[in-house]
Amino acid sequence: MGYINVGAAAKKWNISERSVRNYCRNGRVPGATQDGLVWLIPDNAEKPARKQRSGKIPTDVISRLKMEKEAGINGGLYHKIQIDLTYNSNHIEGSRLTHDQTRYIFETNTIGVEDDAINVDDIVETVNHFRCIDLVIDQANYKLSEAFIKQLHFVLKTGTSDSRKAWFNVGDYKRLENEVGGMPTTLPAKVAGEIKALLKDYNSINKKTLDDIIDFHYKFEKIHPFQDGNGRVGRLIMFKECLRNGITPFIVYDDLKGFYYRGLKEWKHEKGYLRDTILTCQDRFKVHLDYFGIRYND
Ligand SMILES: Nc1ncnc2c1ncn2[C@@H]1O[C@H](COP(=O)(O)OP(=O)(O)OP(=O)(O)O)[C@@H](O)[C@H]1O
């Protein structure tokens, strides 16, 4: 796959360059990434569809999230997911921002500081995570691709102190070996090949089940393709793939972190631990879907 620039995409899709840039900025072109100020657009990317303008309130998860996101609705499911998914996923990885601080950043783009010092990276990665969720919603209906996975990492880590380190590859695979749970992961030189093979196997499954999505997550985390941010990127992928496959999405809640880690550790030999943890997360999420009157299948 190659990349084309904004001018070429504008010509190909018969729209203005400004519209192409807006589509890219709003995450509506799967795989589009920014190199400095220049947008690189996959040469096989399709022109994004126009937004629907009907007055009906959708009752399926994806349409509802898209509608609330585009309309900037406060207090709905989109608002809730942004805060709860970001807070829990960041907390699992060690962010010390509270749920209220996360909410405050989302709602006001400011943060009140009381007694404790706050790590700037926690704030940057929180704001970046909000954007990652937008990407997940915008691209929920597309096939999972390597370009999208890298784009999530790029958006998550942009502007952090890691991104200023010479050895840290923002939006690309790790350069240095890393471990997870004290166990070896895929060596840097083999990551690209293993991710491609994993995606090929996964995308060849016609009707994906929750177990397929969890299995992808386990294998992705075992490869640990990025220097850092693998957990959060992996959980965003699970959310996206649930949306795409009509499976109730879920947030891995911070208070279940111990069960989640144990489940990952045991998955290869015993699938029950992680499956049950995820089912619990799904049940909690269904309470919110019920509250907002949104349909789900299982
Ligand atoms: N035993 C395990 N087997 C496979 N994956 C695991 C295991 N234990 C943890 N993980 C995954 O690795 C993630 C954390 O990895 P790690 O502590 O290396 O942080 P990271 O890669 O920097 O990710 P982040 O930026 O999200 O912190 C966990 O969130 C989980 O998804």
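# Pocket, cavity and core of a predicted model

The largest pocket holds about 780 Å³ of space. Its lining is made up of 34 residues, and E93, V180, E221, H224 and Y261 are the closest to the pocket centre. The structure described here is a predicted model.

At least two lining residues come from each of α6 (120-138), β4 (179-180), α9 (210-223), α10 (230-244) and α11 (257-266). Helix α11 gives the largest share, with five residues. Sorted by class, the lining of the largest pocket contains 15 charged, 13 polar and six nonpolar residues.

The cavity is a separate topic. The count of cavities of 30 Å³ or more comes to one. The volume of the largest cavity is about 30 Å³, and its lining consists of L85, R235, M238, F250, I251 and V252. Five of these lining residues are nonpolar and one is charged, with no polar residue in the set.

Next comes the nonpolar interior. In soluble globular proteins, nonpolar side chains tend to be buried together. In this model the largest nonpolar core has 57 residues, and L65, L77, I149, L152, F216 and F220 have the most contacts inside it. Apart from this core lies another, of twelve residues, including A9, C24, A32 and I41.

With residues up to four places away in sequence not counted, F220 touches I149, I195, L198, P225, F226, N230, V233, G234 and I237. I149, one of these partners, is also listed with F220 among the residues with the most contacts inside the largest core.

A second residue to look at is T126, which sits in helix α6. Is T126 buried or exposed? T126 has a relative accessible area of 1%, and because buried means under 20%, T126 counts as buried. Leaving aside neighbours within four places in sequence, T126 is in contact with T86, N90, L97, T102 and I105. T126 and F106 are 20 residues apart in sequence, and their C-alpha atoms are 8.6 Å apart in space.

Finally, the record for this chain can be set against the model. An unreviewed UniProt entry lists residues 144-283 as "domain: Fido". In the model, the span 144-283 is 56% helix and 3% strand, and its end C-alpha atoms lie 25 Å apart.

Methods:
Residues numbered from 1 in each chain as written. Predicted model: local features only at pLDDT ≥ 70, side-chain atom pairs only at ≥ 80, totals over all residues. Heavy atoms only, no water. 1 Å grid on protein atoms, 1.4 Å probe; cavity = no way out; pocket = protein on both sides within 12 Å on 5 of 7 lines; lining within 4 Å. Points joined across faces, edges and corners; volume = space filled by probe spheres on them. Helix = DSSP H or I, 4+ residues; strand = E, 2+ residues; numbered from the N terminus. Nonpolar A, V, L, I, M, F, W, Y, C, P; charged D, E, K, R; others polar. Buried < 20%, exposed > 50% of the residue type's maximum accessible area, 1.4 Å probe, protein only. Contact = heavy atoms within 4.5 Å. UniProt positions renumbered as here; feature names shortened; annotations may be inferred. Core = buried A, V, L, I, M, F, W, Y, C linked by side-chain atoms within 4.5 Å.
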